[in-house]
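Here are my notes on the model you sent over. Have the structure open while you go through the points.

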Amino acid sequence: MSDTDSIKKGFEAYDAGVEKSVARFPERKKAFVTGSKSPVKRLYTPLDDAGRDYARDVGFPGEYPYTRGVQNTMYRGRFWTMRQYAGFSTAEESNKRYKFLLEQGTTGLSVAFDLPTQIGYDSDHALSQGEVGKVGVAIDSLADMEILFDGIPLDKVSTSMTINAPASVLLAMYIAVAEKQGVTPDKLNGTIQNDILKEYVARGTYIFPPSPSMRLITDIFAYCSKEVPAWNTISISGYHIREAGSTASQEVAFTIADGIAYVDAAIKAGLDVDDFAPRLSFFFNAHNDLFEEVAKFRAARRVWAKVMKERFGAKSPKSLSLRFHTQTAGSTLTAQQPDNNIVRVAIQTLAAVLGGTQSLHTNSKDEALALPTEDSVRIALRTQQIVAYESGAAETIDPLAGSYYVESMTDRIQKEAEAYIATIDGLGGAVKAIEKGYVQQEIQDAAYTYQMDVESGERVVVGVNKFQIEEGSPKGLLRVDPIVGEMQAAKLKELRAKRDNKAVEKTLAALKAGAEGDANLMPLILDAVKVYATLGEICDVLRAEFGEYQQKVIL
Amino acid sequence: MERTIRVLVAKPGLDGHDRGAKVIARALRDAGMEVIYTGLRQTPEQIVSAAVQEDVDVVAMSILSGAHNHLFPRVTELLKEKGVDDMLVIGGGVIPDDDIPGLKAAGIAAVFTPGSPTGDIIEFIKKNLKRKA
């Protein structure tokens, strides 16, 4: 009898026995499902490994198809970058928070901008009222950026900036600040999010329609491949897709479909895939279902590697390997009994680490209520440090590989994601699928199902629909002073009075001419930024030329 | 026969987080209400004009960016200026408890914070309609 036959026989005997006992003592539920509502079997065995070929589908770390990780030593070489997303109020306040984080042992910066900055409005714009400095720092011009990074050596830290529609402008400001510090662009490390497609479906900070937006993105790819070679030119993000309610498989699928659209656009713009693809990076969510999340990260690497090799013929190993940042899931945090969130974040941290993330932001316990205080940010960072230094999870590579359950779920997520990608291909690609509302509808359906499952009690959220207590109002939340809006407006007034306005006009006119034609816009934006043209002024020039995106409202 | 309750679900300000707004819109619709969703980035002026034009019974707004103290009262103010006094205005989002009394004083009838079941919102609307349904 072969091994498989004997396992099969054993399994059948086990199964018959278990069915008998379940008939007498039913299990907790009729159907068991993952966090994304996929069925979970009672037991996974070697029988679930049938059809998987280790060399072809799993392989070795740092080797195709990268299921086990993108580096050959992973965290034995060095830990992931502990990168806490932060920013609020003015550049002065945020600069203080960054210095606090660096003192506490964070190893990379991550800048949160306020909504006016993300949508290309100056702080004194009518639509900015009430929003200045609220969800991030207000940046109107290079002058604010100089304050934001004051005393932080840009050749020593890596900086991630969550900026999309106006990514070129903020990257230009970063390059200009570095120059003032005597740091040349080739020494800069960091990431701009620069992922407009997920803004249309899940995050909402779009400005321009898809076509000029894709041009801005490919201009950045082309510029950085020559001038800022170590910069991650995009962070293709599933994070917000998941926050908007998608399942784990949809998160992988829609993110990689967006990635395919960016690669397509860059190749159409005349770039060679191996010139820009090594600088593409990704950003995923880490939810509570530990094993499903680990499987998701592993599947994402495998799907991307196959896409890059088979669809785009990429040759460089760096083009094939999916490097990603992770953030723990904001949508899983509860306003009720907020201390419980520390535990959720710890599980999610473990998922990200067991899944082989390159960098990680851990949410703070108070984020369902407000922006985090210093104390809660410290606990969030300590959670990463405990997983890194005490849990043992980082001592060997991809420790869950070979788990019958995790490998089987990795295969399932790959299969489901590839099926979605095929559907999106059939609709004409990610841009078309978004314009048709397909992606949005899929995400919304999943979000609604989840909410209804919580409300029916089918899905338990501790402290929300089970184990509730009477609680008082939370104390000591961080509040942003509403005066920030006036302060920024005053700074802008002063700036416009003392800068060289002729130079500003000249560079903005050059930008307009560039936008009308097909010049790479990055150098033109850099010129404008350096003479202190404001973010709003630069975006207004582009708005006039490109028009604005009109959202497709789907219910 | 009961008249159908008409609701405008609105996203004031620049905030792009509309998972909650959309889930609630759908839950209200499944509860038999007629729902119009504005989409993102609406100014208070746009919201009021849509509410008047659509002649809704309820305006339900969602903000997660922290701009609620500025934007919610602006909507009730503008409604008042237009002489509209029979629309029920409610809000939701990431809103600190300390801000709720001020918002209520400004005419926001109820504020629903994270974790609120959609059933509570439906019930609140049915019980507190200003126009007779």
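1. In chain B, 72% of the contacts with a separation of 6 or more are between residues 24 or more positions apart. Two residues are in contact here if their C-beta atoms, placed from the backbone, lie within 7 Å.

2. A word on ground rules: this is a predicted model, where local features need pLDDT of at least 70, side-chain atom pairs count only at pLDDT 80 or more, and totals for chains, interfaces and linings use all residues. Residues are numbered from 1 along each chain as its sequence is written, with chains lettered from A and ligands numbered from 1 in the order in which they are written.

3. Chain B has five helices and five strands, and from the N terminus on they go β-α-β-α-β-α-β-α-β-α. Helices (H or I, at least four residues) and strands (E, at least two) are DSSP runs, numbered from the N terminus.

4. Of its 133 residues, chain B has 50% that count as buried, that is, with 20 or more other C-beta atoms within 10 Å of their own, C-beta atoms being placed from the backbone. The C-alpha trace of chain B spans about 40 × 35 × 25 Å along its principal axes.

5. Now the contact between the chains: chain A puts in 32 residues and chain B 28 residues. On the chain A side, helix 4 (115–118) and helix 18 (438–456) are the elements giving two or more residues. Helix 18 of chain A gives the most, with five residues.

Terms used:
Buried ≥ 20, exposed ≤ 12 C-beta atoms within 10 Å, placed from the backbone.
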